[in-house]
Amino acid sequence: MLGKSIALNFIFAALLVAYGGEARVARESFVGTRGTRFVVNGRPLYFNGFNSYWLMVMASDPLTKEKVTDTFAQASEYGMNLARTWAFSDGGDRPLQKSPGLYNEDMFKGLDFVVSEAKEHGIYLILSLVNNWEGYGGKKQYVQWARDQGQNLNNEDDFFTSPIVKGYYKNYVKAVLTRVNSITGVTYKDEPTIFAWELMNEPRCQSDISGKSIQDWVAEMSTYVKSIDANHLLEVGLEGFYGESVPGKKQNNPGGNEVGTDFISNNRIPQIDFTTIHIYPDQWIPGSNDEIQAEFVDKWIQTHIDDSKSIGKPFMVTEFGKSLKLSGYNVGARDKYFGKIFDRVYSCARTGGPCGGALFWQVMALGMENWSDGYEVVFEQSPSTVGVISQQSRRISSLN
């Protein structure tokens with residue numbers, strides 16, 4: 001018996017090494033929620049992570065797919081355990097969805113590779129299913145497809161209300177969730193490496209600031225996603241803007257702007273599992289100085305922490321960054337800004353608050369200069385920023 005036990009232990013140890021140790025074992029269970037905390041295997045789970053929207057596109061090309069592997073390897077080395085990326089590319093030059101219901105297998109295999117490599121490196125994924133913006137097709141492309149079929153639609157916000165367009169979106173969601181990974185053999189809806197689905201990146205409906213269009217859409221689509229996949233968590237993709245459900249909260253919106261979303265009512269929908277915000281004071285409060293922006297960031301985070309606690313769901317900062325294209329930018333300022341947000345998230349998590357983690361925008365690999373949006377962090381070129389990120393990873397990991 002002793003010899004057999006030693007042999008089995010040796011085999012198990014070898015499997016741990018081959019598949020990423022504890023991180024690989026953890027992937028056998030889906031992440032859930034308990035009150036305002038994320039949990040896996042009954043234990044609290046906190047995150048430090050990043051955005052890289054481009055992973056699928058790079059993974060679909062044999063000449064660039066190593067950038068995906070390198071990015072996950074570096075992120076894992078620096079202690080990160082969650083990545084958010086696009087699981088869509090609608091129309092255009094390199095589509096995943098060429099037209100409604102017609103898919104590009106090469107691009108789907110690229111997404112398969114992203115999921116497989118994330119799994120290999122012990123990194124969970126948030127996969128976003130469509131864009132509010134024009135990049136990679138977005139709601140504008142969906143509306144155009146319907147117009148091409150003779151539908152008389154007024155503007156791209158009809159994405160949220162047109163039965164035809166909603167049908168296109170549902171068909172796409174089903175195709176992704178029921179996709180069998182060509183590398184792992186696991187159906188996406190059964191893959192624990194996927195932490196959560198995101199209904200839409202930064203939904204907005206300026207033509208209906210009452211919030212009804214998006215509220216109804218989120219209710220319908222979240223119910224549909226859960227009817228196919230009850231395993232995974234689901235979030236809306238919100239930036240955090242307040243709406244009509246609690247009118248007094250709208251004063252917290254930058255510039256008092258309303259975008260047709262409602263942080264309170266959207267996140268109270270039962271099928272939505274956790275809340276999210278994005279933080280871009282440089283874009284949202286143009287012409288403001290650093291002091292005003294810092295004051296806004298503090299209030300924006302704290303207000304949403306408080307509201308997430310009231311809603312009773314975990315909270316996550318899923319985008320924040322500092323653009324090198326701003327006047328007066330320097331790496332030290334970016335490091336300070338990252339550190340400030342990391343401090344707020346860690347303090348909230350450490351004291352039992354609803355903060356589950358933060359994901360900065362964004363990691364880019366070497367040789368992607370043509371993809372620059374000003375917010376990129378290239379690890380090899382950013383040692384001080386890597387230090388700030390790694391410190392946060394260590395703090396967050398100590399809570400797990």
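Predicted model: local features only at pLDDT ≥ 70, side-chain atom pairs only at ≥ 80, totals over all residues.
Visitor: At what angle do their axes cross?
Guide: Roughly 25°, and the axes of α11 and α12 come within 11 Å (lines fitted to C-alpha atoms over the stretch in contact, with angles from 0 to 180 degrees between N-to-C directions). That makes α11 roughly parallel to α12 (under 35 degrees).

Visitor: Which residues meet there?
Guide: From α11, Ala294, Val297, Asp298, Ile301, Gln302 and Ile305; from α12, Tyr337, Lys340, Ile341, Arg344 and Cys348. Contact means heavy atoms within 4.5 Å. The classes are 7 nonpolar, 1 polar and 3 charged residues.

Visitor: New topic. How do α6 and α7 pack?
Guide: Helix α6, residues 138-148, and helix α7, residues 163-177, pack at about 120°, with axes 9 Å apart. So α6 is oblique to α7. The crossing of this pair is right-handed.

Visitor: And which residues touch?
Guide: Tyr142, Val143, Trp145 and Ala146 of α6 meet Ile164, Val165, Tyr168, Tyr169 and Tyr172 of α7.

Visitor: How many of them are charged?
Guide: None; the contact of α6 with α7 has 9 nonpolar residues, with no polar and no charged ones.

Visitor: What about the ground rules?
Guide: Residues are numbered from 1 along each chain, and side-chain values use heavy atoms, without hydrogens and water. Local features need pLDDT of at least 70 and side-chain atom pairs 80 or more, while totals for chains, interfaces and linings use all residues.

Notes:
Helix = DSSP H or I, 4+ residues; strand = E, 2+ residues; numbered from the N terminus. Parallel < 35°, antiparallel > 145°, perpendicular 65-115°, else oblique. Left-handed = near helix turned anticlockwise from the far one by under 90°. Nonpolar A, V, L, I, M, F, W, Y, C, P; charged D, E, K, R; others polar.
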